[in-house]
Amino acid sequence: MDVAPAVDVAPAVDVAPAVDKAAVDDVEEAMRDVVDPELGINVVDLGLVYGINVHDDNTVTLDMTLTSAACPLTDVIEDQTRSALTDGPDGLVNDVTINWVWMPPWGPDKITDDGREQLRALGFNV
């Protein structure tokens, strides 16, 4: 009687498929769809996005501020952000977290050249 030699078999390991990770530039571009409800200018050009961190699981953490700590519209901006980054079958990221930060405080110096042009078109002197 022939006996096959014993073979050590490693236990099967479930390996999650690699997750495509969004590029920071793509997240920033998508955030241009998020508009400050009071000014009508996107949050990137207003200088409200301080940092973008895309994690390995394709979730993103945004460091953002507001023109005023007393701004009552955080929920509106959070909803727009979630829609811009996660909605649809081809959402850019899996989930988003916003860290509201107040330092350094926002000021007009944070507005991009494009944001200044848009504000001037609305009649603001910046």
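Setting aside residues up to four places away in sequence, Ile77 touches Val34, Pro37, Met64, Leu66 and Trp100; contact means heavy atoms within 4.5 Å. This is a predicted model, where local features need pLDDT of at least 70, side-chain atom pairs count only at pLDDT 80 or more, and totals for chains, interfaces and linings use all residues. Residues are numbered from 1 along each chain as its sequence is written, and side-chain values use heavy atoms, with hydrogens and water left out.

**Ile77**
- Ile77 sits in helix α2. Helices (H or I, at least four residues) and strands (E, at least two) are DSSP runs, numbered from the N terminus.
- Ile77 counts as buried because its relative accessibility is 0%. Buried means under 20% relative accessible area, exposed over 50%, and partly exposed in between (1.4 Å probe, protein chains only).
- Val43 lies 34 residues from Ile77 along the chain, and their C-alpha atoms are separated by 8.8 Å.

**Chain layout**
- The protein chain has three helices and three strands. Their pattern along the sequence is α-β-β-α-β-α.
- Of its 126 residues, 33% count as buried.
- Among contacts with a separation of 6 or more, 61% join residues 24 or more positions apart.

**Nonpolar core**
- The largest nonpolar core has 27 residues. Such a core is a set of buried Ala, Val, Leu, Ile, Met, Phe, Trp, Tyr and Cys residues joined through side-chain atoms within 4.5 Å.
- Val27, Met31, Val60, Leu62, Met64 and Leu85 have the most contacts inside this core.
- At least two core residues come from each of α1 (24-31), β1 (49-54), β2, α2 (74-86) and β3 (95-100).
- In soluble globular proteins, nonpolar side chains tend to be buried together.
- Neighbours within four places aside, the contacts of Val60 include Val27, Ile52, Leu85, Val93 and Val96.

**Thr59**
- Thr59 belongs to strand β2 (residues 59-64).
- Thr59 counts as buried because its relative accessibility is 18%.
- The side chains of Thr59 and Asp57 are joined by a polar contact of 2.7 Å. A polar contact is a pair of N or O atoms within 3.5 Å; within protein, one must be able to donate a hydrogen and the other to accept it, and residues adjacent in sequence count only if both atoms are side-chain atoms.
- Beyond its neighbours within four places in sequence, Thr59 is in contact with Asn53, Val54, Asn94 and Asp95.
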